[in-house]
Structure formats: C-alpha cells, structure tokens
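Student: I have a new structure to read. Can you take me through it step by step?

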Amino acid sequence: MTESAFENLPACPVETTLLLIGNKWQVLILRDLLANGTMRFKELQRSVGSISQKVLTSNLRTMEEAGLVHRQVFAEVPPRVEYSLTKLGMSLETVLDALAAWGQGYQAAAKRGC
C-alpha cells in the first residue's frame, strides 16, 4: 500500500484485515505460500486452482502493494519470477489457522446434520 493508503485505513481492525485479505483468491494465495514457501507464478496458479492468469496477477500485485507478498525477478532468459510472503504476510498464519479450524468444525457439524 502506498503511504497515503496506510493513513486511510478503516478504524475497525476487522475491516482493515478484510481490506487486505478480503477475497477468496487472496486467502488461497496466502494458504499456498504459507504451505509451500517461495513459488513461481505457474506453480502458484496450479496450486490455487481455477484462477485465471489475470486475476492471479491482479491479486499478487495488490498483496505486494500491501506489503504481504514479495516478488523477486531474476534476470534470466526466460525471466524467472518468484513469490514469497513477507514477514507481515507470514504473520497472517494465525488468521488462516483460525479459518481452517472453524471450517473443519463447520464441515463436521454439517455431516452430523446440525
């Protein structure tokens, strides 16, 4: 995020979190980078699932601007680009762990018919 974007963050911490990881793709990108570490674009696209190149690129750029994802370009032919989480991005692991735990509980309750 640009400096002015940090100045204009919502007052509510939940809203701030959702601003940064508020869509399905961003959460899945975080999940895969947390699980696998550094990944190339195509690896990440395959692991996330049915995400288009355009949507993945857009989400990675947004997350990079927010300081969650690091993009490293290697001067090779063809060019190699790798994505990894920043320290700030890695700090979201507890958030994703909580989402996973809640999802498991929900799945279990659904199977029991609750």
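Tutor: Start with a term: an axis is a line fitted to C-alpha atoms, for helices over the stretch in contact, and angles run from 0 to 180 degrees between N-to-C directions. Keep in mind that this is a predicted model.

Student: How are H3 and H5 arranged relative to each other, roughly parallel or roughly perpendicular?

Tutor: Helix H3 covers residues 24-36, and helix H5 covers residues 53-65. Their axes lie 10 Å apart, at an angle of about 75°. Angles of 65 to 115 degrees count as roughly perpendicular. H3 and H5 are therefore roughly perpendicular.

Student: How many nonpolar, polar and charged residues are in the contact of H3 with H5?

Tutor: From H3 come Trp25, Gln26, Ile29 and Leu30. They meet Val55, Leu56, Asn59, Leu60, Thr62 and Met63 in H5. By class, that contact has 7 nonpolar, 3 polar and no charged residues.

Student: Which residues of H5 does H4 meet?

Tutor: H4 spans residues 41-48 and packs against H5 at about 110°, with the axes 11 Å apart. That angle makes H4 roughly perpendicular to H5. On the H4 side are Phe41, Lys42, Leu44 and Gln45. Their partners in H5 are Gln53, Leu56, Thr57 and Leu60.

Student: Which element gives the largest share of the lining of the largest pocket?

Tutor: The largest pocket has a volume of about 190 Å³. Its lining has 5 nonpolar, 1 polar and 6 charged residues. H4, H5 and strand E3 (80-85) each give two or more residues to that lining. The largest share, 4 residues, comes from H5.

Key
Residues numbered from 1 in each chain as written. Predicted model: local features only at pLDDT ≥ 70, side-chain atom pairs only at ≥ 80, totals over all residues. Heavy atoms only, no water. Parallel < 35°, antiparallel > 145°, perpendicular 65-115°, else oblique. Contact = heavy atoms within 4.5 Å. Nonpolar A, V, L, I, M, F, W, Y, C, P; charged D, E, K, R; others polar. 1 Å grid on protein atoms, 1.4 Å probe; cavity = no way out; pocket = protein on both sides within 12 Å on 5 of 7 lines; lining within 4 Å. Points joined across faces, edges and corners; volume = space filled by probe spheres on them.
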